[in-house]
Amino acid sequence: LVNRAAIRFCCAKRYGITAALERPESACIEAAPRYVVDNEAMRPVAVVAVGKTPFGAFPDRGLLSLAVEAGGNCLGNARLLPAQVQSFYLGNFAGPSFAGQNHLAPYVSMALGIRDVPSTRIEAACASGGSAFFHAWAEVAAGIQDVVMVVGVEKMTSQPTPRVSEILAGAGDCSGEMRAGNTFASLFAMIARRHMHMFGTRREHLAAVAVKNHANGALNPMAHMRKVITIEQALNGKPIADPLTLYDCSLVSDGAAAVILAPLERAAEFTDKPVRVLGVAQASDYVALERKEDITTFPAVRRAAAQAYRMAGVEAAEIQLAELHDCFTIAEIVATEDLGFAKRGEGGPYAFAGCTALGGARPVNAGGGLKSKGHPVGATGVAQICDLVMQLRGEAGAIQVPRHSLGLAQNLGGSGATAVVSILGAV
Amino acid sequence: MRTGVVYTETVIYSAPEAFMKDAPYQTVIVSLNGGGRVTGRVIGERVAIDERVAEVAERDGVPYFRKALA
């Protein structure tokens, strides 16, 4: 059986996914996706369970306690026992630095009662959770395992802010940009400056994203900061890195999220409300911002999106709601452009016009996003999937969007060196 | 020393632990006249996108730029 699964995986890799030619450096923006996925070789996959902790600052909670709570909630969300989980992935960025603990995957899975199985930690900066989800999906789609669990977790608030900035800076190029004194806020501030210079994007456009995400977060009982803010407050916030103020930056949070994946054909065994994974892709780019030809777009997001759209057989215009990686307000604006929701350079006015609001044409970050819901780094990509699943099931309560059969999640690592795009659909 | 044009810049107020004593300070990505880009710090007057700068020092592998005279 093991051999058959291994052979199937090799075949899927060899024939199902064929590497295309290297893209030329200069043609990165509109380049064709690097991989062409043959859907026939892949099993349809469903999310059969989700579970989270609230996000926030929890001085009395450790990494393990958060991960176990989310994992336990997730197992309780399906007709599933821990012993049925056949493989485990942990999305975590910096547990060793934040919490002083390494070897985290079996540390968490054993505590959940998931014994003996492969247990693997994935680190891809702020896209650790999304990447863990991608790898879990690949394992199910390729037929290696049937029931695979993903937990994302980060415990961040036990460190003072300057130390948090330093740990996060490890996701940048530590021999160059970070040695010059940059932080992630300053890298995204430089992206914002260039975007403003090229397209006339204004600080009011950035502030509109913050105001919208705070308004959404205020409705979300699981959010870290449930506080409505005004445009004036956002514009006059404490300066962090020009032109970004405190209100342009996501939060430093503790929290965890979990999902369980299974083949669609077996989903009914575990849940009455499966959600189909229609497309998912991961792509990468340079870690150092200075190496990118144009910092106002993320080629890795464009590549992952092109592949996920193709796999799902849908176009950007069809997506009804999205969870986007608003680590900084400018990142949500660029994401709406890279994903094809707004035209290039028009992400600012698109947000300012209210298109992405809860009552807008295509709600973005209905639960408040990283800005207001919170950003426990390793948990974020998994939490995006959880929130999308809740929306697609129609179980999102006060933050439920009206049209909810097709949703997209976009998870970004560093200043764009890792991107994961997932498209989920109601069954 | 290298010269170039400011590709983008920011002034940092909230600095990481190791640089707190310097804040606020300006960092830049400079498009070098010989090609390529480099990330560095700015000394003296603040600079804006498209302004010309010249490298005046290098410390700990980090280039320091100053606004170039017209």
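**Note on a predicted two-chain model**

1. Overall form of chain A. A compact globule of 427 residues would have a radius of gyration near 22 Å, and chain A, at 20 Å, agrees with that. The radius is taken over C-alpha atoms, and the globule rule is 2.2 Å times the number of residues to the power 0.38. The C-alpha trace spans about 60 × 50 × 45 Å along the principal axes of chain A.

2. Ground rules. This is a predicted model, in which local features need pLDDT of at least 70 and side-chain atom pairs count only at pLDDT 80 or more, while totals for chains, interfaces and linings use all residues. Residues are numbered from 1 along each chain as its sequence is written, chains are lettered from A and ligands numbered from 1 in the order in which they are written, and side-chain values use heavy atoms, with hydrogens and water left out.

3. Confidence. pLDDT is the predictor's confidence in each residue, from 0 to 100. Chain A averages 92, with 91% of its residues scoring at least 70. Residues 1-36 of chain A fall below 50, yet this stretch has 44 contacts in the model beyond near neighbours in sequence. Contact means heavy atoms within 4.5 Å. Chain B has a mean pLDDT of 96, and 99% of its residues reach 70 or more. For the complex, the predictor gives an ipTM of 0.98 and a pTM of 0.93.

4. Make-up of chain A. There are 15 helices and 13 strands in chain A. Helices (H or I, at least four residues) and strands (E, at least two) are DSSP runs, numbered from the N terminus. Of the 427 residues in chain A, 61% are buried. Buried means under 20% relative accessible area, exposed over 50%, partly exposed in between (1.4 Å probe, protein chains only). Take the contacts in chain A between residues at least 6 apart in sequence: 77% of them join residues at least 24 apart.

5. Surface and charge of chain A. Carbon and sulfur atoms own 54% of an accessible surface of about 15100 Å² in chain A. These areas come from the Shrake-Rupley method with a 1.4 Å probe; for residues, only the protein chains shown count as cover. Chain A carries 38 positive and 37 negative side chains, and the centres of the two sets lie 2 Å apart. Lys and Arg count as positive and Asp and Glu as negative; His and the chain ends are not counted. A charge is placed at NZ of Lys, CZ of Arg, CG of Asp or CD of Glu.

6. Helix 12 of chain A. A:Gly340 follows helix 12, with a positive phi near 90 degrees.

7. A:His205. This residue lies in helix 8 of chain A. A:His205 is buried, because its relative accessible area is 5%. Residues that A:His205 touches, beyond four places in sequence, include A:Ile333 and A:Phe352.

8. A:Gln320. The loop between helix 11 and strand 11 (321-323) of chain A holds A:Gln320. At 12% relative accessibility, A:Gln320 counts as buried. A:His404 is 84 residues from A:Gln320 in sequence, but their C-alpha atoms are 6.3 Å apart. A:Gln320 is in contact with A:His404, and also with residues including A:Pro363 and A:Leu406.

9. A:Ala241, where the chains meet. A:Ala241 sits in strand 7 (residues 239-241) of chain A. A:Ala241 has 0% relative accessibility, so this residue counts as buried. Outside four places in sequence, A:Ala241 touches A:Ala185, A:Ser186 and A:Ala189 in chain A, and B:Thr10, B:Val11, B:Ile12 and B:Tyr13 in chain B.

10. Chain B. The pattern along the sequence of chain B is β-β-β-β-β. The radius of gyration of chain B is 12 Å, close to the 11 Å that the globule rule gives for 70 residues, so chain B is as compact as a globular protein of that length. Of those 70 residues, 46% count as buried. Among contacts in chain B between residues at least 6 apart in sequence, 35% join residues at least 24 apart.

11. B:Val28. Strand 2 (residues 25-32) of chain B contains B:Val28. B:Val28 is buried, with a relative accessible area of 1%. Its contacts beyond four places in sequence include A:Met190 from chain A, and B:Val6, B:Val38 and B:Phe65 from chain B.
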